[in-house]
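Hi,

Here is the structure I promised to send over. Have a look at it first, and my notes follow below.

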Amino acid sequence: MNKPDLQAIGIQNTGEIYHNLDFGELIAHEIKNGECKLANNGATMVDTGIFTGRSPKDKYFVDRDPSNRYIAWGSVNHKVSAEIFQELLVIAQEQLSNKDLYVTDVYCGSSPNSRRQVRFVTELAWQSHFVTNMFIRPSMEQMQTFVPQFTVLNACKASNPKWKEQGLHSDVFVVFDVESNLAIIGGTYYGGEMKKGIFSMMNYWLPLENKLPMHCSANVGHDGDTCLFFGLSGTGKTTLSTDPHRRLIGDDEHGWDDDGVFNFEGGCYAKVINLSAENEPEIHSAIRHGALLENVVADDEGVVDYTNGSKTENTRVSYPIFHIENHEETLHGAHPKNIIFLTADAFGVLPPVSRLTKEQAMYYFLSGYTAKVAGTERGITEPTATFSACFGEAFLPLHPTVYAKLLGEKIDKHGVNVYLVNTGWTGGPYGVGKRMSIKDTRACINAILDGSINNSEFRTTNTFGLHVPNTLGDINPKILFPRESWADDAAFVRTRDKLAQMFIDNFKKYQTEESEFDFSAAGPQIGA
């Protein structure tokens, strides 16, 4: 196999180029370089420095034609001029020149008709390990004809000393030049920037081809029925889609084209704070040789304390998907039969399961709701509503309604059932009620998947207008209708209307003269 020529992208006088090393070789480099330590289960452990999460305010797109006509500029997608990008590119090129480098060539997307060929250039072995875990590894035969369509230069050890005079947010930079098919990273070691950076690019490319990129997990049943799980962090997306009775297609990023649903990735990136073998056995057993733990705390024997969040609550592990025994080898599924929107409603208002109309599906997709609870972030003392369009607003280069329109078209075309599942609180808000039991949530999910939920009679709730089954297996009927489980009915009504108003206020941004459609009527109506 020919060694990659990096001079064409401005990297000079390279030393050894370590191209597509296997897991054993990468781990040996990580240990030799002093980048990682070994856990007692065979996984490697890395600390990502001062950045234990993404830096969204330091993410930019270059303001060039024609991509600047499609990108939704604003608080999510920040502009940077071509001139400033060139200055930052030189910083990255100089940082990566005159040294040994790791080059990793991968596919993003398991669908041959929709995937992209991506090259990562890094100077840290563990970052090559990360992308080897997270993306799809071409076969030796495929590598013979591999030509990168997009390149990421990860110069994490560099920073930008001129950021103030350039009007940027900090000395960290994560910049995408769509027309040059190039991205550069500087100032942050966090591996998730590479993963989510390519996700952002797929969210740019695919809609222009009438294909839907999605921030969701997916699995498939014995009968070939595919289910999608959308949800923000903490709602159970990874846990609930990792099911011993269904094959996992993927846990985070997928596309939906004319051939069905396909995973963007070849691995999983799971939170491990408070991970236990009892509650999440598949993920726990996936942490072994080849897995890469981030920012965990371990003792001198390499025994990891998953309850310790002293470095960050965002402790994570990446591992290749084949570490999950019951995975779908093709990383592909048929057009979905069911879509599930997951939310962790800390206000205790939403039912554990609701069946949505297509219009409601569009509304809740655009809303992308969950709630943070007291104690999860500094300064949060009561439940706080979080709205993230399409359950992944931070990664959407285009306007959210572009993705919603595509979703609606595909729901219609393929006759998909859509449900809202609340994994949050019941019997009262956080601090008064209790968290939905995993047993009850699993029962809701299973009833959706096996179709038995359709045997129930449904009742429509006030205000939110959600269609809720009167009975569902062994679940206490009072749990199905939250108002009946609250001790104080007046308190429920106040809290319900408060949350409803939050939904209404958030959705106003989609009710403009330029909007192609308005689904506000499918959302909550105070007084109804």
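Which residues are linked in a network of salt bridges? They are Lys195, Lys196, Lys237, Asp252, Glu253 and Glu265. By salt bridge I mean a side-chain nitrogen of Lys or Arg within 4 Å of a carboxyl oxygen of Asp or Glu.

Before going on, the ground rules: this is a predicted model, where local features need pLDDT of at least 70, side-chain atom pairs count only at pLDDT 80 or more, and totals for chains, interfaces and linings use all residues. Residues are numbered from 1 along each chain as its sequence is written, and side-chain values use heavy atoms, with hydrogens and water left out.

**Salt bridges**

The structure holds 23 salt bridges. One of them joins Glu265 and Lys195, at 2.7 Å from N to O. That pair links distant parts of the chain, 70 residues apart: Glu265 is in the loop between strand E15 (260–263) and E16, while Lys195 belongs to helix H6 (residues 192–205). Helices (H or I, at least four residues) and strands (E, at least two) are DSSP runs, numbered from the N terminus. Glu265 and Lys195 are both buried, where buried means under 20% relative accessible area, exposed over 50%, and partly exposed in between (1.4 Å probe, protein chains only).

Glu328 and Arg247 make another salt bridge, with the closest N and O atoms 2.6 Å apart. Glu328 sits in the loop between E20 and strand E21 (332–333) and Arg247 in strand E13 (residues 247–250), so this contact ties together parts that are 81 residues apart in sequence. Glu328 is buried at 11% relative accessible area, whereas Arg247 is partly exposed at 26%.

Then there is Arg69, whose side chain meets that of Asp65 in a salt bridge (2.7 Å, N to O). Arg69 is exposed, with a relative accessible area of 57%.

**The sheet around E20**

Five strands make an open sheet with mixed pairing, in the order E2-E3-E17-E20-E16. Strand E2 (37–38) and E16 are at the edges with a single partner strand each, so one side of each has no neighbour in the sheet. Two strands pair here if DSSP finds at least two bridges between them.

How is strand E20 (residues 316–320) placed, mostly covered or open? It is mostly covered, with 5 of its 5 residues buried. Both faces are covered: Arg316, Ser318 and Pro320 are buried on one side, and Val317 and Tyr319 on the other.

E20 pairs with strand E16 (residues 267–271) in the antiparallel sense over 5 bridges, and Lys271 stands opposite Arg316. Strand E17 (residues 292–294) also runs antiparallel to E20, joined by 3 bridges. There, Leu292 has Ser318 as its bridge partner, and Leu293 has Val317.

**On the surface**

Asp299, Asp300, Glu301 and Asp305 gather in a patch of negative charge. Patches are made of residues with over 30% relative accessible area and no salt bridge, like charges being joined within 9 Å; Asp and Glu count as negative. Asp300 is in the loop between strand E18 (297–298) and strand E19 (304–305), and counts as exposed at 83% relative accessibility.

Last one: Val402, in helix H10 (residues 400–414), is partly exposed at 32% relative accessible area. Val402 and Asn210 are 192 residues apart in sequence, yet 9.8 Å apart in space, C-alpha to C-alpha.

Cheers

Note on methods
Patches are made of residues with over 30% relative accessible area and no salt bridge: like charges are joined within 9 Å, nonpolar side chains (Val, Leu, Ile, Met, Phe, Trp, Tyr) within 5 Å. Accessible areas come from the Shrake-Rupley method with a 1.4 Å probe; for residues, only the protein chains shown count as cover. The place of a charge is taken as NZ of Lys, CZ of Arg, CG of Asp or CD of Glu.
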